[in-house]
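Trainee: I would like to go through this model and ask what each label rests on.
Mentor: Go ahead.

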Amino acid sequence: DLNVTCGCPVSSSNCNISPAQVDLTSSTSGSATLTVASAGTAAQDYTIGVQGVDHDNGSPTNQTSVNLSVTDFALSPSPASQSITQGDTANYTVTVSSLNGFSGSVSLNMGSGCPTGATCSVTPSVNVSSGGSTNATLSISNTGSTPTATYNNITVNAGDGGSLSHS
């Protein structure tokens, strides 16, 4: 029998081998499935070590590695702040950038913080190419009934329709 283990390079990822023990007594080959959960792991390339250890004597019999590429996207607003008068509109550029080869469609929607009496909207989706970036527009229209004040933390939510989401 062969015990199979894996070592993930960062603490925020999790790897699992199933089955953890492969029976080689009846054949000369066996297989196990490596599963890696990478939620919260930084976007970059990783090498994951896999090792087989003889169940009877504990000595390593073979080792190999596999490569994992974690991709993501980032949001960046510009300018950071604006001042407008009643009846004006503030437009912000929200840059959606590829991290480590991410490519795909990113959906955007308004989160929280739109001032009372204002109308807030954002470009509903953008397509990002690997290594590139694209811009969306956040518009905040002051209809004249918005109280004069400083409004912080106006939030835009973005997601790829899968496991990636940012605000």
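Trainee: Where is P79 found?
Mentor: P79 sits in the loop between β7 (72–78) and β8. The model is a predicted one, and in it the peptide bond from S78 to P79 is cis, with omega near -5°.

Trainee: What makes the pair C114 and C120 a disulfide?
Mentor: The cut-off is a pair of cysteine sulfur atoms within 2.5 Å. For C114 and C120 the S to S distance is 2.1 Å, so the pair meets the definition. A search of the whole structure finds 1 disulfide.

Trainee: Why is the disulfide of C114 and C120 called right-handed?
Mentor: The torsion about its S-S bond is about 90°, so the disulfide is right-handed.

Trainee: Is C120 buried or exposed?
Mentor: Buried means under 20% relative accessible area. C120 has 16% relative accessibility, so C120 counts as buried. C114 has a relative accessible area of 32% and is therefore partly exposed.

Trainee: Why does N153 count as exposed?
Mentor: Exposed means over 50%. N153 is at 66% relative accessibility, so N153 counts as exposed. Phi of N153 is also positive, near 60°, in a residue other than glycine, and N153 is placed in the loop between β12 and β13.

Trainee: What makes a set of residues a nonpolar core?
Mentor: The residues must be buried, of the listed kinds such as Val, Leu and Phe, and joined through side-chain atoms within 4.5 Å. The largest such core here has 19 residues, and those with the most contacts inside it are F73, V96, V106, L108 and V126. Elements that give two or more residues to this core include β8 (89–99), β9 (104–110) and β12 (133–142). The largest share, 4 residues, comes from β8. Apart from this core lies another, of 5 residues, among them V4, I17, V22 and V50.

Trainee: Which residues does V106 touch?
Mentor: Not counting residues up to four places away in sequence, V106 touches F73, V96, P124, S125, V126, V128, A158 and G159.

Terms used
Residues numbered from 1 in each chain as written. Predicted model: local features only at pLDDT ≥ 70, side-chain atom pairs only at ≥ 80, totals over all residues. Heavy atoms only, no water. Buried < 20%, exposed > 50% of the residue type's maximum accessible area, 1.4 Å probe, protein only. Contact = heavy atoms within 4.5 Å.
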